[in-house]
Number of protein chains: 2
Amino acid sequence: MFIGAQVSLYPMTSDFVDVIMSSLGALDPYRDKLRIETDDISTLMVGAPEPLFDAVRDLFARAARQPDHVTMHVTFSRGCPGEPDDPTCRCETLTRAQGLSLSERQAEAQEAVRTAPALGVAIDVQFSLYVLGQDRHMDEIYGCIDFLKNSGTFLRSKNFCTRLQGDAGAVFETLRQAFLRFGPAEGHVTIDMTASANSPIAR
Amino acid sequence: MFIGAQVSLYPMTSDFVDVIMSSLGALDPYRDKLRIETDDISTLMVGAPEPLFDAVRDLFARAARQPDHVTMHVTFSRGCPGEPDDPTCRCETLTRAQGLSLSERQAEAQEAVRTAPALGVAIDVQFSLYVLGQDRHMDEIYGCIDFLKNSGTFLRSKNFCTRLQGDAGAVFETLRQAFLRFGPAEGHVTIDMTASANSPIAR
């Protein structure tokens, strides 16, 4: 299994370089657990979903604590057939999920969001979950949407995507659960996600 | 068939509202061909791939002609089973592609990029193509990657995505061809795309 993300942070300020550089410190606790490589478009992070989603969450929360409008785009991917197996990506939740029914997975996902730490940072998120390589991909998508509606972070459905809203802790836990609990444990699943904070536009 | 995009423009300047508002004028020629709806995170555009990709291209080119670093994220989607049929989305290219072999589709895609108009704006793009709802989704992905490598806009492969580079005209034509020519004509296909211009980081 290969698990990772391409992450881009977009501070809407002329001091965007400073905001990005000062936010990167939030990744320090995760640097020994993730492979992190940056180019001019995005930062690749490879590793298990626990440090991966925590790192992405803390990076965005750090930037969102500054006053400027900031957004982040992340492409999460697990099980892409084109990527090599990587033992650092092993994930207990994913292995366990294999044997569970859809309703059991929904209940465990909801419990994880309920007990997520609060970071004290309000954010908006919009995302799409893609379950690749199987005929009945929409069953898992609809199962995930049911979970989202009961997650406490659901805002509304939009064309092609779902809106979440709430504390960064609960929202990124919702994303991690969507990523891990739906679609086959060994399957190819991706998320296309945008986060936003401090927007001048009323919600 | 339902075809559309969720589009977000991110100018990395404290004048981001001005850059966004002045760039929106680039959509005017397409407003009678597309349904366009904006909220605080993204702008939905629904319609046929000809005006859709032209509109997204012109929006980004207009923003990129200004001096500031600017990025754009777009989620393109066609054939999502959760969306209603929309006659304004009808697309001749998609209907024709149904009967063609992979190599014929690759050749037509390459010809379309070769004859794309030049806009005089250099851009970088990173994107992932997702073919949903079929077992052998990677065959079409690999077929698309072959096309990309011969498109003249290919920069390099990255984990989870492909980098393109070149004039906005050729690059967005490459994206449109990837979206239309690969995956079943009636299937569910999406693109997760990031464009960048005027970055202070050397490529």
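A:Lys158 forms a salt bridge with B:Asp39, with 2.7 Å between the closest N and O atoms; a salt bridge here is a side-chain nitrogen of Lys or Arg within 4 Å of a carboxyl oxygen of Asp or Glu. Between chain A and chain B the count is eight salt bridges.

Please note that this is a predicted model, in which local features need pLDDT of at least 70 and side-chain atom pairs count only at pLDDT 80 or more, while totals for chains, interfaces and linings use all residues. Residues are numbered from 1 along each chain as its sequence is written, chains are lettered from A in the order in which they are written, and side-chain values use heavy atoms, without hydrogens and water.

Let me turn to the interface as a whole. In chain A, 52 residues are in contact with 52 residues of chain B, contact meaning heavy atoms within 4.5 Å. The two chains bury about 4400 Å² between them, 60% of it on carbon and sulfur atoms; buried area is the accessible area (1.4 Å probe) lost by two parts on being put together, summed over both. On the side of chain A, the most area is lost to chain B by A:Asp40, A:Ile41 and A:Phe160, together 18% of what that side buries.
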